[in-house]
Amino acid sequence: KNQTIAAFGKQVDILVNNAGGLFARRTLEQFNEAFFDLVIGVNFKSTVFVSQAFETLMGEGGAIVNISSQAARDSGGRGSTLYASSKGAVTTFTRAMAKEIGPKGIRVNAVCPGLIGTKFHDDFTKDEIREKVAVSTHLRREGAAEEVADLVAYLASDEASFINGNNIDINGGLAFS
């Protein structure tokens with residue numbers, strides 16, 4: 001927070017909470033408390049406390065965009081129980097914060113990416129699963145990181161000034177809100 005103030009001043013207009021990770025695919029029997037703390041800490045705790053720190057620097061017209069996941073809706077693939085649960089927490093937190101700080105003129109929304117061609121899926125999703133999911137989307141392909149970035153930019157912009165408390169899917173039509 002202090003480094004941001006030093007670099008940009010005391011007014012923050014946009015916050016994007018983009019920290020996240022699966023770290024490993026582990027079933028209920030395979031994870032321990034340290035793994036739980038890692039996944040929940042990076043995916044949810046960081047969103048909560050970074051939002052808390054920066055909300056005080058935001059004024060009317062500010063926007064927070066959280067990165068959730070389609071896994072928050074459909075529980076993800078095998079071994080992603082904690083990841084999906086942490087992103088579900090981000091989804092609920094987004095709605096709650098929209099109610100809490102909306103009256104201050106600060107909007108809070110989230111994007112919920114599905115299969116996006118990133119290192120995340122390079123590391124944790126088998127090629128045959130990726131191909132199966134990609135052809136299951138109505139657009140018959142994986143999404144691109146730039147497409148997610150475009151949605152984030154829109155939600156942070158003045159053009160989205162009346163969108164608040166939404167978790168917007170970006171998954172090629174694989175799952176509908």
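Contact is taken here to mean that heavy atoms lie within 4.5 Å of each other. The structure described is a predicted model.

The model contains an open sheet of four strands, arranged in the order E1-E2-E3-E4 with parallel pairing. Strand E1 (14-17) and strand E4 (167-170) form the edges of this sheet, and each pairs on one side only. On average, neighbouring strands of the sheet are turned by 20° against each other, direction ignored. In general, the strands of a sheet pair through backbone hydrogen bonds, in either a parallel or an antiparallel manner.

The pairing of E1 with strand E2 (residues 63-67) is parallel and comprises four bridges. Within this pair, Ile14 stands opposite Ala63 in E2. Helix H2 (residues 33-55) lies across E1 and E2, and the direction of helix H2 is at about 170° to that of E1.

A further element of the model is helix H4 (residues 81-101), in which Thr91 is located. Thr91 has a relative accessible area of 9%. Because residues under 20% relative accessible area are classed as buried, Thr91 is assigned to the buried class. Leaving aside residues up to four places away in sequence, Thr91 touches Ser68, Ala72 and Asn167. With Ser68, the side chain of Thr91 also makes a polar contact, side chain to side chain, at 2.7 Å. Asn167, another residue touched by Thr91, belongs to the edge strand E4 (167-170).

Key
Residues numbered from 1 in each chain as written. Predicted model: local features only at pLDDT ≥ 70, side-chain atom pairs only at ≥ 80, totals over all residues. Heavy atoms only, no water. Pairing = 2+ DSSP bridges. Helix = DSSP H or I, 4+ residues; strand = E, 2+ residues; numbered from the N terminus. Axes fitted to C-alpha atoms, helices over the stretch in contact; angles between N-to-C directions. Buried < 20%, exposed > 50% of the residue type's maximum accessible area, 1.4 Å probe, protein only. Polar contact = N/O pair within 3.5 Å; in protein donor to acceptor, adjacent residues only side chain to side chain.
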